[in-house]
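The following paragraphs lead the reader through a structure, beginning with a ligand and then turning to domains and an interface.

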Amino acid sequence: MYRYDEFDSDFVLQRARQFRRQTERRLTGELSEEQFKPLRLMNGLYLQLHAYMLRINVPYGCLSSRQLRKLAHIARVYDKGYGHLTTRQNVQFNWIKLEDTPAILEQLASVEMHCIQSSGNCIRNTTSDPYAGAAAEEIHDPRLYCELIRQWSSLHPEFSFLPRKFKIAVTGSPRDRAAVKVHDIGLRLHRNPAGEAGFEVIVGGGLGRTPFIGKTVRDFLPVQQLLSYLEAILRVYNQLGRRDNKYKARIKVLVHEMGTEAFQKCVEEQWEQIREGGLTLPQEEIDRIGAYFAPPAYEDLSDSVPALETTRREEPAFDAWLQNNVVEHKQAGYAIVNVSVKAVGAAPGDISADQMEAVAELADRFSFGELRVTHSQNLVLCDVRKTDLEALWRRLAAIGLATPNVGLLTDSICCPGLDYCSLASARSIPVAQSISERFADPGRLRDIGELQLKMSGCINACGHHHVGHIGILGADKKGEELYQLTLGGSADENTAIGKIIGPGFDAEGIVDAIENVVETYLSLRQDGERFIDTYQRVGRDPFKENLYASDQGR
Amino acid sequence: MPWVVIANRLRDGIVVFLAPGGGWVEQIAGSRLAGNEREAEEMVALGQQAEADQEVVAPDLIAVEERAGVIVPTKRREAIRATGPSVRTDLGKQAED
Ligand code: SF4
């Protein structure tokens with residue numbers, strides 16, 4: 001993975017020290033809250049319902065065991081013993097003290113981490129495929145380009161005060177695990193007929209109040225031109241994006257209002273002016289950054305491991321885990337292991353300091369000391385020898401991180417909601433927990449098959465409910481929590497925005513409603529169909545009829 | 001309807017309530033209740049002063065009611081602030097009772 005150079009290290013440490021001085025000035029009253037708030041937000045420190053919340057960047061989800069150990073330490077010493085994996089592949093702590101924050105930032109700097117640009121109207125942490133570099137079907141490793149984007153966008157003077165926050169996602173696989181079509185810019189690496197790598201550039205996707213699927217503005221952008229083209233898009237947005245209305249300020253609204261063609265034309269014109277400038281990436285630079293992401297020292301192994309088959313016959317739980325949580329690797333004899341942070345009844349994405357430390361240990365032992373944070377709030381060990389799978393599974397099971405549910409209904413995405421978030425309209429975690437308990441039976445869960453449930457505690461949609469096969473949006477109706485159900489969304493290469501199915505449900509009713517929807521699917525599915533396939537074939541009516549036929553509809 | 005003033009303490013962000021003596025307490029049970037608008041206004045002014053003095057941030061007057069002898073904010077959001085996350089009853093004020 002990428003290692004800081006001297007400049008990076010020094011800069012991040014300086015920023016932590018600068019924040020120490022700013023905090024001191026705030027505590028002595030030299031700075032008012034009004035003056036200080038933007039400064040703390042620039043360093044990822046929010047004020048939430050119960051305390052300050054610190055959001056720590058995990059660049060494109062890549063984490064070393066050393067960094068995870070540091071996070072465990074922070075959780076233990078400065079928080080209440082746990083952290084939260086976010087839907088943007090970052091980590092948040094919920095109980096941080098302002099007076100401790102400078103020390104925390106210094107500690108983070110010592111492991112090449114920081115919280116800069118995790119808030120504010122700038123280019124945020126770029127997100128990517130959690131299987132990057134390891135996926136069997138990958139065309140090109142996206143991490144190197146994520147890193148180039150990180151370096152270009154970090155503290156970019158021109159783009160520090162955009163009309164609104166800006167999120168970029170990159171995928172290098174045909175199977176989109178980075179939700180590139182619902183980002184401000186989505187980049188899909190592919191190859192042209194000549195075999196050269198380039199990007200499909202997708203602009204103007206996004207969730208929130210007004211969800212949009214991004215539009216392709218360029219089918220093939222040579223990789224060398226990545227930064228110049230991004231710069232052109234950002235310039236157009238910076239100049240033309242609305243600043244008068246926060247709710248219309250994202251690039252998705254600009255693209256929508258201008259029309260894709262007009263927007264594209266503006267970008268191309270802008271690009272013509274700068275494409276021959278200093279932003280063209282020389283091959284040496286691509287190679288230099290690429291070297292940080294060179295494959296680890298894989299051993300020459302056989303892909304067939306007979307012992308695995310024997311154990312899976314004897315241990316159904318291991319078999320279930322292999323089926324759901326383990327994914328094919330590009331390298332023979334290796335596998336990608338998803339670490340489910342969605343134990344039955346647990347808060348999705350919450351991980352204790354002890355678990356962090358234990359997983360760091362497992363990463364060292366079984367996966368070259370590296371991990372990934374996924375946008376579905378799990379962890380991944382990317383490079384595990386197949387011969388180690390059983391040992392790894394036993395250790396994960398011992399710390400409650402081997403629930404065999406990845407990609408299934410109880411592997412839900414869920415934002416913190418009203419239990420923590422000051423913007424929330426309703427709680428989300430208790431609903432996720434109830435659903436997880438209702439569908440705890442692993443056999444039933446597997447029979448239901450792939451089903452993505454995504455839930456947000458308010459219209460800001462941090463839980464991506466619009467693109468869940470089943471989406472739940474928490475709202476407040478005259479002081480009561482109300483949950484609105486959407487069906488048919490999808491965040492992969494066939495991105496779709498789900499449709500609201502009808503009137504909302506209360507906290508208990510929503511769990512019954514989910515069960516009702518699942519039963520409808522099971523009664524209608526044809527051979528091999530996943531939930532989303534059945535939904536797409538039959539449409540929303542049968543679901544709606546069953547849902548509101550009974551008394552559950554309010 | 002009675003009111004209390006809720007805020008976050010500046011140095012650690014912990015939720016606090018304006019107390020009868022003019023200080024701030026972590027438990028809503030110890031908070032000063034405003035029974036009328038005049039008193040509420042006075043308490044808001046005290047909250048603002050405490051903010052200017054770097055004691056608290058975002059002071060806010062919130063409605064409360066008494067349920068079985070316990071003061072409870074009427075709004076769920078504030079009720080959660082006064083107790084702690086409903087999904088982690090081992091944490092926050094509810095764990096300190
Ligand atoms: S969706 Fe709303 S409630 Fe959930 S984390 Fe985002 S802002 Fe908070």
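**The ligand and the domains**

In this predicted model, the residues near the ligand (a heavy atom within 4 Å of it) are Cys415(A), Pro416(A), Gly417(A), Cys421(A), Leu423(A), Ala424(A), Ser456(A), Gly457(A), Cys458(A), Asn460(A), Ala461(A) and Cys462(A). This shell comprises 8 nonpolar residues, 4 polar residues and no charged ones; here Ala, Val, Leu, Ile, Met, Phe, Trp, Tyr, Cys and Pro count as nonpolar, Asp, Glu, Lys and Arg as charged, and the others, Gly among them, as polar.

Residues are numbered from 1 along each chain as its sequence is written, and chains are lettered from A and ligands numbered from 1 in the order in which they are written. Local features need pLDDT of at least 70 and side-chain atom pairs pLDDT 80 or more, whereas totals for chains, interfaces and linings use all residues, and side-chain values use heavy atoms, without hydrogens and water.

Chain A is assigned domain 1 (6–109), domain 2 (134–291), domain 3 (306–398) and domain 4 (413–549), with bounds that come from an automatic or database domain assignment. The C-alpha centres of domain 2 of chain A and domain 4 of chain A are 30 Å apart.

Between these two domains, 12 residues of domain 2 of chain A are in contact (heavy atoms within 4.5 Å) with 13 residues of domain 4 of chain A. One salt bridge (a side-chain nitrogen of Lys or Arg within 4 Å of a carboxyl oxygen of Asp or Glu) joins Glu493(A) and Arg175(A), whose closest N and O atoms are 3.8 Å apart. On the side of domain 2 of chain A that touches domain 4 of chain A, the residues are 7 nonpolar, 1 polar and 4 charged.
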